[in-house]
Amino acid sequence: MSDKKDDQVAIQRFVEYIQVKTVQPEPDYDGALKFLKNYAQELGLEYRVITLDESRHVAVLTWPSSSVEKTILLNSHIDVVPVFEENWIVPPFSGEILDGKIYGRGTQDMKCVGIQYLEAIRRLKAENYVPKRTIHCLFVPDEEIGGVRGMKKFVTLSEFKELNIGFALDEGLASEDDVYQVYHGDRAVNWIQFVVKGNTGHGSRLIENTAAEKAQFILNEMLKYRADEKERLEKSQTTDKPLQLGNITTVNLTKIAGGVQQNVVPDQYSLWFDCRIRPNGYDSFKQFLQDVVRRVPKQNDNEAELIFIQDSGPAAITDVESPSWWLQIFRQTCEEMKCKTNWTIFPAATDGRYLRDCGYPVIGFSPIINTPVLLHDHNEYLHQDVFLRGIEIYVKLIANLTSQ
Ligand SMILES: [Zn+2]
């Protein structure tokens with residue numbers, strides 16, 4: 001059991017980490033690495049920095065075991081998203097505590113989890129616990145801007161393979177009720193742009209084959225897809241298998257551009273969509289997109305083009321139908337800790353996808369309940385009781401995952 005002093009130290013370290021301004025687009029990674037190095041020393045963990053490029057590094061804090069068994073990876077990202085300071089009730093990098101609520105950018109996403117891993121380790125060490133597997137706490141840069149120079153790069157390095165990972169924990173989302181959200185996959189991502197071209201001329205005429213008619217066709221098809229998925233989600237709510245956001249494909253029009261002036265018919269339009277694709281839906285969704293562009297009414301093929309700005313490829317999912325030993329231990333620990341859980345698909349994308357793509361089982365889990373979902377929002381906070389309860393959950397989780 002923890003005592004009051006442990007709790008105070010944990011909150012103190014959490015506040016200090018919030019105060020390191022690792023905010024995009026220019027995160028203070030040097031400040032964070034310094035903080036983590038001191039932390040590792042304090043806890044008696046091995047500390048290593050691995051260089052990804054001239055300004056991007058990962059920190060690995062390791063609690064070694066003498067065994068050669070597969071290790072566990074406790075992952076968190078160091079960076080946080082920008083703030084609109086004028087909308088905050090306290091300075092967003094202060095870690096100020098009001099009514100027990102710890103305020104600050106990253107309190108939910110995900111500096112809380114990074115500190116909880118380490119404070120759980122502090123408690124296990126204080127109990128003289130000896131892990132039978134090596135534990136690696138990994139702190140990565142740039143998750144908030146897609147992880148291209150972060151985790152995506154790291155998994156290609158020999159230093160990563162040498163970690164000998166069997167199982168990884170990564171971030172999840174807060175839950176507004178008393179049920180913990182457990183994510184065993186992310187949706188795939190397609191950021192796309194349609195470019196349509198047509199005849200131009202004076203805005204008073206009735207010109208044939210315009211870009212606008214092609215844009216209309218695409219809009220109709222894409223928004224119909226959106227409406228159908230929305231209906232599927234809504235209809236399922238009254239069945240015994242209600243779907244969640246992660247189980248459907250969402251399509252959102254995010255940008256339109258075209259036209260030069262009021263009385264000129266535009267020769268071109270661009271339409272951008274953010275599409276998040278449900279598990280096992282990748283191939284059929286791509287087929288649908290190709291089909292839309294093929295069916296656009298046009299005189300020449302070059303009048304409608306589909307460009308993939310970002311294409312994640314199909315997203316690997318951690319198998320929960322025939323769960324691995326790791327997942328069984330995770331489940332069992334949640335039961336032991338009397339945590340109600342909802343196993344689902346992460347609606348957006350996390351660094352966990354890069355690990356899953358390499359074949360590792362990964363669970364996305366942020367032990368945050370009874371809390372408004374405030375990631376990326378103003379006045380992001382985490383109540384200290386929820387934060388401290390999370391440490392107790394990780395104590396049990398880390399012990400169970402490394403006791404054999
Ligand atoms: Zn995050």
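**View 1. The zinc site.** Along the chain, the donors of the zinc ion follow the spacing H-x31-D-x61-E. They are H77 (NE2), D109 (OD) and E171 (OE), which coordinate the ion at 1.8 to 2.1 Å. Donors here are N, O and S atoms within 2.8 Å of the metal (3.2 Å for Na, K and Ca), and water is not among the atoms, so sites may look incomplete. H77 sits in strand β3 (residues 71-77) and E171 in the loop between β7 (165-170) and β8, so this pair, 94 residues apart, links distant parts of the chain. Helices (H or I, at least four residues) and strands (E, at least two) are DSSP runs numbered from the N terminus.

A word on the model: it is predicted, local features need pLDDT of at least 70, side-chain atom pairs count only at pLDDT 80 or more, and totals for chains, interfaces and linings use all residues. Residues are numbered from 1 along each chain as its sequence is written, and side-chain values use heavy atoms, leaving out hydrogens and water.

View 2. E69 belongs to the loop between β2 (56-63) and β3, and R133 to the loop between α3 (111-126) and β6 (135-140), so the pair ties together parts that are 64 residues apart in sequence. The structure holds 23 salt bridges, each a side-chain nitrogen of Lys or Arg within 4 Å of a carboxyl oxygen of Asp or Glu.

**View 3. Where the two domains meet.** The domain assignment, which is automatic or from a database, gives domain 1 (4-186 + 315-402) and domain 2 (188-311). Their C-alpha centres lie 36 Å apart. In contact (heavy atoms within 4.5 Å) are 12 residues of domain 1 and 9 residues of domain 2. Together the domains bury about 690 Å², 55% of it on carbon and sulfur atoms; buried area is the accessible area (1.4 Å probe) that two parts lose on being put together, summed over both. A315, I345 and P347 supply 50% of the area that domain 1 buries against domain 2, more than any other three residues.

View 4. On the side of domain 1 that touches domain 2, β8 (179-186) and β15 (340-346) are the elements that give two or more residues. The largest share, 4 residues, comes from β15.
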